[in-house]
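Dear colleague,

I am passing on a structure to you with this email, and I would be glad if you kept it open while you read the notes below it.

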Amino acid sequence: TQVIDVAARRVAGDRRGTVYEDDQRVGGEPIEGFEEVRHTVPMLSLSNARKTEELRGMPLDQVIARGQATAPILTTRGNAHFAKANFDLAMSDFERALAVNPSYAPALVGRGKVWRKKGDDDKALADFDGAIAIDDRSIESRLARADIQLGRRNQQAALADLNRVVELKPRDLFEMLAQAAAKARIKSLERDTCGGGGQRDARCL
């Protein structure tokens, strides 16, 4: 069974989106003198918070069963199902995550990947577009969207996404590998353009 400790961090990064996200929990009465603020992401209550040591290492299914079904946790389990090719279960978790937080980009990415596996590139593109609109650094979305565009012979649209991936400063190993893949794909496209017959692209001169 997938375990939380590292997996949830892989989805959201740092402490955000983990079951010990203390910075997203609130408690007590509002303090006078401050304006009322409406949070775009629902805050968690301190009244049902568990200690870090109680949750670390706990299987995802158990955490969700105990009422800790946040969007990051559901998305983490969805990614685990996806990795095992359990696409219907993955879709269910991504849908649940988006019901909790419709603006959670990693869940849109996950659902988009499932749509691709199901052969619906139009719905996949819509989810990747949505994820990028929320998070411009959604590298996985850009790579997937570029792949779809190349399949549709929309080379310029694909290159725009690939070049954007290369421009970003990598924050972790995953992003470094993604950049390497994007650079390799760009070089391959340039070789195809320069090696083919007909009018040569300016980059080939």
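Predicted model: local features only at pLDDT ≥ 70, side-chain atom pairs only at ≥ 80, totals over all residues.

Helix 7 (residues 121-134) packs against helix 8 (residues 139-151) at an angle of about 145°, and the axes of the two lie 9 Å apart; the crossing of helix 7 with helix 8 is left-handed. On the helix 7 side the contact includes L125, F128 and I132, while on the helix 8 side R142, R145 and I148 are among the residues that take part. Sorted by kind, the residues of this contact are 7 nonpolar, 2 polar and 4 charged.

The count of salt bridges comes to 17, and one of these joins the side chains of K118 and D88, with 2.8 Å from N to O. This pair ties together distant parts of the chain, since K118 sits in the loop between helix 6 (105-117) and helix 7, whereas D88 belongs to helix 5 (residues 87-100), and the two are 30 residues apart.

Finally, L173, M176 and L177 form a nonpolar surface patch of about 340 Å², and of these M176 lies in helix 10 (residues 173-195).

With kind regards

Methods:
Residues numbered from 1 in each chain as written. Heavy atoms only, no water. Patch = residues over 30% accessible without salt bridge, like charges linked within 9 Å, V, L, I, M, F, W, Y side chains within 5 Å. Areas by Shrake-Rupley, 256 points an atom, 1.4 Å probe, with all protein chains shown as cover. Salt bridge = Lys/Arg side-chain N within 4 Å of Asp/Glu carboxyl O. Helix = DSSP H or I, 4+ residues; strand = E, 2+ residues; numbered from the N terminus. Axes fitted to C-alpha atoms, helices over the stretch in contact; angles between N-to-C directions. Left-handed = near helix turned anticlockwise from the far one by under 90°. Contact = heavy atoms within 4.5 Å. Nonpolar A, V, L, I, M, F, W, Y, C, P; charged D, E, K, R; others polar.
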